[in-house]
Amino acid sequence: MDTSSTGSSEGQARRHLLGIEGLAASDIERVLDLAETFFQVSRRPVRKVPTLRGKTVINMFFEPSTRTRTSFELAGKRLSADVVNFSGKTSSTSKGETLRDTIRTMNAMNPHVVVIRHSASGAPHHVTQHTSASVVNAGDGIHEHPTQALLDAYTIRQHKKKLAGLRVAICGDIAHSRVARSNAHLLTTMGAEVSMAGPRTLLPEKLAKTLGVTVYDRIEPALEGADVAMMLRIQHERIGSASLPSTREYARQYGLNAARLALAAPDCLVMHPGPINRGVEIDPEIADGAASVILDQVEAGVAVRMAVLWQLCAEATEPLP
Ligand code: CP
């Protein structure tokens, strides 16, 4: 968790979760351990604890979302926070209001946490300048999606009991994926061996150096012996003029099918952050098959986001439920 030195209206230093880059292994482990407690809360008959009573969380989504938005809302509600959801499309930003004015307006309502998804890389960092709330990055452009990487790590740890030493293949549109970046930072910090694979046009050359991963322009060598295969959707909404194979050709060359999965370790986990394009980056039989933990990722998302909200709002003052 990134700790800002800026004071809040309650006189305490504000903490944010803006990215995975720069987090220590101990920070990551702490969130994952806390998430185990909150995971149990979500499986009880009464899925609610009073821990964040009196706290306000504003979810500001300027890009579409199913999983992240719903799970942040559920996470806040299961902790008894007051949760307000804000959609860019139906807000006054559609009348020309700037992000800065929008944030200052939300800040005037005294939230404790602002969760933001935005198409501009760095938008959450900008938001910290205009609010006294803690800020959580729910995905910014092609930069980072920290809670996705945390829930992915939680899911891997749940099944493999460890992260260190695992071989993780991240395959697909690497260039435009904030999920790939956050996962590379997290998994390498935790001692996993990460490889990335995709078409050359979706695989920036300098990535291997900056992220400390091995890159391939075919997915087969990345999948060989892999403990985890993490498939990514092509981010058509972020691709400008990059030349791409047709969907059919992409599926033929880069889609995860039974033959390709057979190259991986026998107990390889198949992951996908969603949304899935069935039959493109992943065969339906693999997405729904025995190796798939895609819905486990979704369940973990609520627990991880509860842990993050609890850390930002209550760690200093409240006992764990
Ligand atoms: N994984 C993910 O961010 O999904 P959504 O876009 O549905 O939130």
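**View 1. A parallel sheet of four strands.** In this predicted model, four strands form an open sheet in the order E4-E3-E5-E6 with parallel pairing, strands being DSSP runs (E) of at least two residues and helices runs (H or I) of at least four, numbered from the N terminus, and two strands being paired if DSSP finds at least two bridges between them. Strand E4 (82-87) and strand E6 (134-140) stand at the edges and have a single partner strand each, so one side of each lacks a neighbour in the sheet.

**View 2. The pairing of E3 with E5.** Over five bridges, strand E3 (residues 56-61) pairs in the parallel sense with strand E5 (residues 113-118), and Asn59 stands opposite Val115 in E5.

**View 3. The largest cavity.** A search of the whole structure finds one cavity of 30 Å³ or more, a cavity being a set of points on a 1 Å grid over the protein atoms alone where a 1.4 Å probe fits but cannot get out, with lining residues having an atom within 4 Å of a point. Of the 13 residues lining the largest cavity, Arg67, Gln148, Leu151, Gln297 and Val298 are the closest to its centre. The largest share of the lining, five residues, comes from H12. Domain 1 (25-145 + 301-313) and domain 2 (146-298) both give residues to the lining, so the largest cavity lies between them; the domain bounds come from an automatic or database domain assignment.

**Notes.** Residues are numbered from 1 along each chain as its sequence is written, and side-chain values use heavy atoms, without hydrogens and water. Because the model is predicted, local features need pLDDT of at least 70 and side-chain atom pairs count only at pLDDT 80 or more, whereas totals for chains, interfaces and linings use all residues.

Conventions
1 Å grid on protein atoms, 1.4 Å probe; cavity = no way out; pocket = protein on both sides within 12 Å on 5 of 7 lines; lining within 4 Å. Points joined across faces, edges and corners; volume = space filled by probe spheres on them.
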